[in-house]
Amino acid sequence: MSITAFLQTRYGRGLRSRAEIEAHQSRAMARFRRRIMPRSPFYQDHIDTPLHALPRMDKARLMESFTAINTCGIDREEAFEVALEAERSRDFSPMIGRVGVGLSTGTSGQRGLFLTTPRERRLWAAIMSGRFWPDLRRRQRVAFFMRADNALYRSLSNPLLRFEFFDVTQGMDAHLQGLGDFDPTVLIAPAGVLSFLARAQSEGRLAVQPQRVVSVAESLGPSDRAAIARAFRTQVDEVYQATEGVLAFTCPAGNLHLNEAWMRIERDLVDPASGAFCPVIHDFTRESLPLLNYRLNDVLVPDAAPCPCGSACARIARIEGREDDMLWWTGPDGPRLIPAEAIRTMLASLDEAVGDYRVVQHADALTISLEQVGPDTEAALRARVSELARQFRVAPPPLVVREGLPPDSGFKRRRIRVATDQMSLAEDRRSA
Ligand SMILES: [Zn+2]
């Protein structure tokens with residue numbers, strides 16, 4: 001573990017002003033240009049290129065040029081082989097030399113490779129434990145629910161930290177006993193898994209008392225957050241982490257901040273009305289697989305209010321979801337982004353209990369599937385959708401209400417999404 005990074009995260013005063021952030025980032029970026037970029041065949045001719053003039057990257061382009069971009073001399077096909085073999089055998093120690101190889105899921109079905117050097121693993125472990133370790137005097141037991149184990153996560157283990165990996169592909173019910181026996185002090189899992197565990201805990205099928213509960217890998221809605229906090233009687237922290245690294249995590253005041261100490265994050269505005277943007281990142285801590293001028297397709301909603309914790313790193317009100325899953329309804333002023341939050345609030349405000357839900361936009365029509373549909377649910381829902389449309393000055397979409405949830409496809413739960421054959425909607429809007 002990197003002791004300096006650990007101490008800085010735990011006790012450091014952090015970046016207290018925009019000027020401090022700028023100064024820190026330009027120093028770090030200059031170092032990155034000097035030390036890391038020359039080792040990348042792809043970037044070695046770009047050492048003096050301004051960030052915005054570097055080739056624009058996304059997951060597909062990164063994978064395409066993986067062999068040339070990485071600084072470890074690792075061939076893409078070899079890395080895929082190693083990672084896939086690890087998935088097949090569910091033996092998660094895929095390494096090429098000292099470099100860990102991981103495979104990301106991605107809801108779009110496109111799989112991304114990532115690499116971690118020992119230094120990157122130490123840094124990650126330092127930040128995570130610096131921020132989320134409950135009590136340094138006590139030995140901690142960390143339960144970690146993930147799709148795939150990885151050398152990155154193993155790096156958390158040390159004499160003071162027992163680390164147990166729970167494989168979410170193995171059926172969750174089977175883990176309840178094991179988790180109870182392990183009795184974690186820190187529980188880290190995707191939001192959907194935390195919701196499942198919170199339900200089990202409320203129903204008495206699980207009895208654990210973690211001091212820290214950390215949601216990773218999926219965005220966490222406010223009602224889920226509240227239910228999880230209630231079940232475990234502790235606040236729920238959030239780490240917004242993708243293959244692309246740790247983009248944001250909650251501060252001691254419970255608010256999400258962009259990780260501007262590690263990367264420069266620019267905003268590609270998608271909705272001027274709310275300030276919602278897709279982040280474009282320049283990561284100056286990533287040495288194995290440089291991420292520069294890299295655009296993510298997640299939509300984040302900023303929060304301009306200063307945070308009581310004192311950090312000047314930009315605050316995020318919420319992670320809205322994937323860009324492809326944004327609902328755009330059209331009105332006289334053109335298409336407007338309907339926040340997932342507004343849909344959630346609308347469903348939560350119904351008088352009849354509806355249970356869990358899925359909302360799918362398909363072409364212009366909206367299908368809302370509910371666990372339970374009461375006699376008045378559909379009429380109430382129609383009225384609410386019209387009300388919502390009025391509020392955003394758009395036309396309400398044709399609505400279909402169904403009882404029963406469709407099966408979730410893929411590993412990540414998406415309660416609100418746009419049907420895949422309509423992926424071009426976002427593109428149409430841009431070119432409009
Ligand atoms: Zn804060």
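**Entry 1: around α9**

I began with the buried residues of helix α9, and they pack against β4 (140-146), α8 (173-182), β6 (186-190), β7 (212-216) and α10. Buried here means under 20% relative accessible area, exposed means over 50%, and partly exposed lies in between (1.4 Å probe, protein chains only). My labels come from DSSP runs numbered from the N terminus: helices are H or I with at least four residues, strands are E with at least two.

A note to myself on the source: this is a predicted model, where local features need pLDDT of at least 70 and side-chain atom pairs count only at pLDDT 80 or more, while totals for chains, interfaces and linings use all residues. Residues are numbered from 1 along each chain as its sequence is written, and side-chain values use heavy atoms, with hydrogens and water left out.

Which residues of α9 are buried? I found A191, V193, L194, S195, F196, L197, A198, A200 and Q201. That makes nine of the 12 residues, so I wrote α9 down as mostly covered.

I also checked the length of α9: at 1.5 Å a residue its 12 residues should span 16 Å, and its end C-alpha atoms are 16 Å apart, which agrees. The expected span is 1.5 Å times one less than the number of residues. Just after α9, G204 takes a positive phi of about 80°.

**Entry 2: α9 meets α10**

Two packed helices are described by the angle between their axes and the distance between the axes. Helix α9 (residues 191-202) packs with helix α10 (residues 222-232) at an angle of about 45°, and their axes are 9 Å apart. The axes are lines fitted to C-alpha atoms, for helices over the stretch in contact, and angles run from 0 to 180 degrees between N-to-C directions.

The two helices, α9 and α10, are therefore oblique to each other. Under 35 degrees would count as roughly parallel, over 145 as roughly antiparallel, 65 to 115 as roughly perpendicular, and the rest is oblique. Their crossing is left-handed: the near helix is turned anticlockwise from the far one by less than a right angle, whereas clockwise would be right-handed.

On the α9 side I listed A191, L194, S195, L197, A198, Q201 and S202, which meet D224, A227, I228, A231 and F232 in α10. Contact means heavy atoms within 4.5 Å. By class, this contact of α9 with α10 has eight nonpolar, three polar and one charged residues. Ala, Val, Leu, Ile, Met, Phe, Trp, Tyr, Cys and Pro count as nonpolar, Asp, Glu, Lys and Arg as charged, and the others, Gly among them, as polar.

**Entry 3: α11 and α12**

Next I looked up helix α11 (residues 340-348), whose axis comes within 10 Å of that of α12, crossing at roughly 145°. This crossing of α11 and α12 is right-handed. A342, I343, M346 and L347 of α11 make the contact with L381, R384, V385 and L388 of α12. The classes in the contact of α11 with α12 are seven nonpolar, no polar and one charged.

**Entry 4: loops and the whole chain**

D183 sits in the loop between α8 and β6 and has a positive phi of about 50°, although it is not a glycine. At 28% relative accessibility, D183 counts as partly exposed. R393, also not a glycine, has a positive phi of about 55°.

For the overall picture, I noted 13 helices and 21 strands in the protein chain. Of its 432 residues, 53% count as buried.
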